[in-house]
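Take a look at the protein below. We will walk through it one place at a time.

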Amino acid sequence: MALLESKNRGEVRIHESPEELSTDLADYIAELSEASVKERGFFAIALSGGSVITLLRNLCGAPYNKTVDWSKWYIFWADERVVAKNHVDSNYKLAKDHLLSKLPIVPSHVHSINDSLTAEEAANEYEFVIRQLVRTRVVNVSDVSDCPKFDLILLGMGPDGHVASLMPDHPVLEEKNEWVTFITTSPKPPPERITFTLPVINSAANVAVVVTSGVKAEAVRLAIDDVGPDCPVLPARMVEPIVGKLVWFLDNEAASKLKGFEQFS
């Protein structure tokens with residue numbers, strides 16, 4: 001693994017391969033979990049969909065399956081497709097198949113959306129659930145905003161630079177008051193989704209953006225490098241934790257267009 005200096009864009013970790021990235025990511029999450037449980041008795045983590053989940057596979061094996069205090073984990077989703085839980089497009093199903101079914105996480109600690117509701121209703125209900133858990137401090141509260149302070153929000157990124165279900169040039173990027181909002185016009189199917197808003201993402205204690213493959217290299221460059229005012233501002237570039245820590249987990253291919261990458265290749 002190599003560390004790349006980035007101006008105000010967090011810590012950039014570049015890995016030789018997705019396998020090396022997966023190992024480093026498991027270490028990172030296990031350390032955050034341990035610190036959070038020690039400090040407040042809980043670890044509240046928000047997952048995303050896509051390849052991020054398969055890259056968490058190392059958590060299911062030694063030593064983590066024995067050393068992590070899974071009973072203190074509370075699982076949320078930074079975004080979800082408004083489909084049935086057993087649908088192929090469900091982020092919940094993806095996480096269940098690859099992660100949750102292999103770990104001793106308390107079922108009542110897994111907070112997925114109500115898949116019987118409309119997108120708007122599901123977003124409102126999910127925000128209500130999170131508000132109840134903030135009240136009991138299962139989810140921490142931000143010192144600097146009227147938002148929850150998740151211990152870790154784990155994001156992927158699309159080739160268009162979207163994170164969670166915050167799409168480029170979409171009005172939801174401007175949402176300031178809601179914690180959870182919805183879209184019905186996702187350019188990538190399925191069209192109906194719920195998503196954390198930018199204020200919630202940027203209030204987290206830790207945000208990790210995990211990106212692999214060369215098709216995303218240009219979006220990575222636009223999200224991290226000092227590209228100047230004329231370039232489009234991708235949703236991924238709007239991820240700027242107020243007081244939390246931002247870490248990018250990239251493989252060589254995803255990092256290939258970053259300034260300074262040549263020194264690692």
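Predicted model: local features only at pLDDT ≥ 70, side-chain atom pairs only at ≥ 80, totals over all residues.

Start with the empty space. Rolling a probe the size of a water molecule over the atoms shows where empty space is left. Here, the largest pocket holds about 300 Å³ of space. Its lining is made of 22 residues. Which of them are closest to the centre of the pocket? They are G49, G50, G158, H162 and K188. Find these five in the structure, and you have found the pocket. Some of the lining can be traced to named elements. Helix 2, residues 51–54, supplies at least two lining residues. Strand 5, residues 79–81, also supplies at least two.

Next, turn to charged side chains. How many salt bridges does a search of the whole structure find? The count is nine. Begin with E11 and R13. They form a salt bridge, and their closest N and O atoms are 2.6 Å apart. Are these two residues buried or exposed? R13 has a relative accessibility of 13%, so R13 is buried.

R13 has another partner. It forms a salt bridge with D24, with the closest N and O atoms 3.0 Å apart. This pair links distant parts of the chain. R13 sits in strand 2, residues 11–15, while D24 sits in helix 1, residues 18–40. The two are eleven residues apart. D24 is buried too, because its relative accessibility is 14%. Now put the pieces together. E11, R13 and D24 belong to a network of salt bridges that also takes in K245.

Another salt bridge joins K257 and E218. Their closest N and O atoms are 3.7 Å apart. Again, the pair links distant parts of the chain. K257 is in the segment after helix 8, residues 252–255, and E218 is in helix 7. They are 39 residues apart. K257 is partly exposed, with a relative accessible area of 45%. E218 is partly exposed as well, at 31%.

Now move to the surface. Which residues form a nonpolar patch there? V144, I242 and V243 do, with about 280 Å² of accessible area together. Look at V243 in particular. V243 lies in the loop between helix 7, residues 217–224, and strand 12, residues 245–251. V243 counts as exposed because its relative accessible area is 57%, and exposed means over 50%.

Loops can also bring residues together in space. S71 lies in the loop between helix 3, residues 64–67, and strand 4, residues 73–77. S71 is partly exposed, at 34% relative accessibility. How far is S71 from F42? In sequence, they are 29 residues apart; in space, 8.7 Å separates their C-alpha atoms. D151 is buried, with a relative accessibility of 7%. D151 and N140 are eleven residues apart in sequence, and their C-alpha atoms are 7.6 Å apart.

Finally, follow the backbone itself. Where are there cis peptide bonds? One joins A62 and P63, with omega about 0°. P63 is in the loop between helix 2 and helix 3. Another cis peptide bond joins P189 and P190, with omega about -5°. P190 lies in the loop between strand 9, residues 180–183, and strand 10, residues 193–196.

Then check the phi angles. A164 is not a glycine, yet its phi is positive, at about 50°. D169 is not a glycine either, and its phi is positive at about 60°. A164 is in the loop between strand 8 and strand 9. D169 lies in the loop between strand 8 and strand 9. Are they buried or exposed? A164 is buried, with a relative accessible area of 7%. D169 is exposed, at 79% relative accessibility.

Methods. Residues numbered from 1 in each chain as written. Heavy atoms only, no water. Patch = residues over 30% accessible without salt bridge, like charges linked within 9 Å, V, L, I, M, F, W, Y side chains within 5 Å. Areas by Shrake-Rupley, 256 points an atom, 1.4 Å probe, with all protein chains shown as cover. Salt bridge = Lys/Arg side-chain N within 4 Å of Asp/Glu carboxyl O. Helix = DSSP H or I, 4+ residues; strand = E, 2+ residues; numbered from the N terminus. Buried < 20%, exposed > 50% of the residue type's maximum accessible area, 1.4 Å probe, protein only. 1 Å grid on protein atoms, 1.4 Å probe; cavity = no way out; pocket = protein on both sides within 12 Å on 5 of 7 lines; lining within 4 Å. Points joined across faces, edges and corners; volume = space filled by probe spheres on them.
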